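Here's a walk through this one, from the ground rules to the place where the chains meet. Keep the viewer open as you read.

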Amino acid sequence: MTDLIGTLPGMVKSSLESEENKLPVVETRDEFDVEISGTIGKPLVQNAKMSSRNCDVFYGDKQAIFNINLDIGKNEIIAMIGPSGCGKSTYLRVLNRMNDTIPICRVTGEHTLDGEDIYAAEQDPVLLRARVGMVFQKPNPFPKSIYDNVAYGAKLHGLATNRSELDDLVEASLIKAGLFKEVKDDLLMPGTGLSGGQQQRLCIARAIAVDPEVILMDEPTSALDPIATATIEELMDELKENYTIAIVTHSMQQAARVSQRTAYFHLGKLVEVNDTNTVFTNPEHKLTENYITGRFG
Amino acid sequence: MPIQTLLITLIALLLFSFFIGSKRSIAVSSVRKGRRNLHSRPNYYGFMVAIWAGLPAIFILILWSVFNSSIVTSLTIAGLPEGMQIQSKDELGLFINEIKNLSSSGNIESESDLVKKDAAFHYQKLEEISTLAKTTLVFVIALLGMLFGRSLVKPETRARNMVETVVRWAMIMCASIAILSTVGIVMSVLFESIRFFNAVPPADFLFGTHWSPQTSMRSDQVGSSGSFGAIPLFVGTLLISAIALIIAVPLGLMAAIYLSEYASSAVRSFAKPTLEILAGIPTVVYGFFAALTVAPFFRNMGESIGLSVASESALAAGLVMGVMIIPFVSSLSDDVISAVPQAMRDGSYGMGATKSETIRQVVIPAALPGIVGGILLAASRAIGETMIVVMAAGLSAKLTINPLEAVTTVTVQIVTLLTGDQEFDSPKTLAAFALGLGLFVITLMLNIAALHIIRNYREQYE
């Protein structure tokens, strides 16, 4: 069923409606007509690292995200879950202005990092992205050596003044990403020659090397096998000591394992945010309950 | 029956064969379970019958056409009076040609020579018999083939496999034609070059610095030997190609980066085809543009700042050639740059890289193999280019790397060696083949280098 859901809110609804007659799993029509009237739970926190107020996102004429209000607490891992096309990846890309690279995309609302408006006219998205790093769904190492992949951002931002500092930085980043042991003898080999899991950890090392404050992860393990996934989840647990992490995931087990708070998105709206335990054991909203119990999605 | 009618009738017969083949297969299949006992679809049975009807017939037709002329000719000769047959081969050939012309002229009756008249009638008769026999044989074979093919139509016959085998061989033949012509051309160039190297030592050709391929008609004339040092030609070629590449690579690459990374889709959809039109302009047009506009411009400019610039200069030719090959660089580079996955750019932006940093440090390195491929393609195009150089760079084989002087290139010298009336066994003419071989080796090495670079450094994107 996930496959049938398109990326556009309008299409989602129609495909759900047309499918319900064929799929007996979907019990009643009511489940999809549940009113989403503002977010349930605790979207706002005390020590917010990043926060969004009244966030709307449009692709051309189509609205992809409706009025999201959400805080991301300092040094926490927040998981964003929801069916495909619910806007969770789009929202993640709002937080480091990656949507700027899509010409037809328009973001409104108020978004802050440490209280600083990240969409202010004087804010340079390039500098913002150095503070809010990103790890993508598919490992995308550059066609360079492992060393150069990690050193790339550090060189751009002048984080090392000489070669030995750069060496140390690369080594430290690889160690933090749990990759150093495996590649320490092959630092000059191409990064694209690593296995999928290693490539993804290389991308994490690359993001860490820039020393961001927030790391956004867009389904970082969806292309990986369970063992590589476990390695990365352990890694995230260690990273949260120093970084704030927002992770979009399709795996509810992963959300339950790694995150402290979980946000459930549906059709571009933020339905429920709460402590991860609460969301998975005692969801308040009918839609959240249906999703986490596997009735749809 | 003339050959056209024969072929049209044969095609009609093949269509008919296809029709009865597919009909027959439906007839022999059992209707139960929707014709499932038939091994192949009815179409394949149709094609099978058509192949049986067509292939042997066409094979016979080709064989007959190949041997027809020599058989009829020898039969005509055999029918000549005793005295004529002991003529020498050349005389006999001449005589037979006369007879053929006579019989095709249509008024044999007016011929006064009785022997010729008889022979022409004989020849005409043989031709008629031959055509009739050919037509009959082809049709009989086609009909027999059709009947045989039809008798093969049974549910268990593997018609699809058979048809696919025939189609595969047809494709193999198509592919081999291209390869065989390449091999044939290389061989002929090679053998003629060997003849040239029998007359002129290879070392003189490869390392000589003086090119003046004039050979005399008589051996006692002055300068009878000619000198065939090809170094000035190859230096001239490389000089002009280098100038062309110095122009085309930066311009083409910048244009490609603009088109793929910065231009809006409206600009791109207009600018890219326009750029590619450059590649469609005939080189002779570039040639007179170079000779009549660019070269005089350089000469005048040189004069005004006190430089002596030849009225036909390597610079003018190289410049115009550079403009000509811009599309090769820009269009191919644009394609490979656009093919770099967006994920790669996102990864770079996601780390706080600017657009220009992303392009320089991620996109261009990722696209580099394709870009190099495009540049080498442009280079082999520049090396092989003739028309612009003939018109704009001159004919004097001077060994120089001064772009302001007139130089000449390998291709230009091939043209001058082979134009006009030439004897085809003098070193002067054969030198063209040796030059062609040299050029071929250079472009071959460039192509191999390009393939090697593309294969070894290509990044595999999903």
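## Ground rules

Throughout, "buried" means under 20% relative accessible area, "exposed" means over 50%, and "partly exposed" is in between, using a 1.4 Å probe and protein chains only. This is a predicted model, where local features need pLDDT of at least 70 and side-chain atom pairs count only at pLDDT 80 or more, while totals for chains, interfaces and linings use all residues. Residues are numbered from 1 along each chain as its sequence is written, chains are lettered from A and ligands numbered from 1 in the order in which they are written, and side-chain values use heavy atoms, with hydrogens and water left out.

On confidence: pLDDT is the predictor's confidence in each residue, from 0 to 100. Chain A has a mean of 84, and 87% of its residues reach 70 or more. Residues 1–31 of chain A are below 50, and beyond near neighbours in sequence this stretch has 35 contacts in the model, a contact being heavy atoms within 4.5 Å. Where pLDDT is low, the predicted coordinates should not be read in detail.

## The seven-stranded sheet

Helices (H or I, at least four residues) and strands (E, at least two) are DSSP runs, numbered from the N terminus, and two strands pair if DSSP finds at least two bridges between them. In chain A, seven strands make an open sheet with mixed pairing, in the order β1-β11-β10-β4-β9-β8-β7. At the edges sit β1 (40–41) and β7 (132–135), each with a single partner strand, so one side of each has no neighbour in the sheet.

Now zoom in on β4(A), residues 77–81. Five of its five residues are buried, so the strand is largely enclosed by the rest of the structure. In a regular strand the side chains alternate between the two faces of the sheet. Here both faces are covered, with A:Ile77, A:Ala79 and A:Ile81 on one side and A:Ile78 and A:Met80 on the other. Four bridges join β4(A) in parallel to β9(A), residues 244–248, where A:Ile78 partners A:Ala246 and A:Ala79 faces A:Ile247. Another parallel pairing, also with four bridges, links β4(A) to β10(A), residues 261–266, and there A:Met80 sits opposite A:Ala263.

Elsewhere in chain A, β2 (residues 48–59) and β3 (residues 62–73) run antiparallel and share eight bridges, with A:Ser52 partnering A:Leu70. The hairpin has two residues between its strands, and A:Gly60 takes a positive phi near 60° there. β2(A) also pairs antiparallel with β5(A), residues 105–113, over eight bridges; A:Phe58 stands opposite A:Arg106.

What links A:Asp71 with A:Arg53? A salt bridge does, with the closest N and O atoms 3.0 Å apart; the term covers a side-chain nitrogen of Lys or Arg within 4 Å of a carboxyl oxygen of Asp or Glu. A:Asp71 is in β3 and A:Arg53 in β2, so the pair ties together parts 18 residues apart in sequence. A:Asp71 is buried at 3% relative accessible area, whereas A:Arg53 is partly exposed at 26%.

## Where chain B comes in

Nine of the eleven residues of α4(A), residues 146–156, are buried. Those buried residues pack against α5 (163–176), α6 (180–183) and α7 (196–209) of chain A, together with α12 and α13 of chain B. Just after this helix, A:Gly158 has a positive phi of about 60°.

The contact between the chains takes 23 residues from chain A and 18 from chain B. The area buried there is about 1700 Å², with carbon and sulfur atoms giving 63%; buried area is the accessible area (1.4 Å probe) that two parts lose on being put together, summed over both. One salt bridge is counted between the chains, and it joins the side chains of A:Arg93 and B:Asp346 at 3.8 Å, N to O. On chain B, α12 (342–349) and α13 (355–384) each supply at least two residues of the side touching chain A, and α12(B) gives the largest share, six residues.
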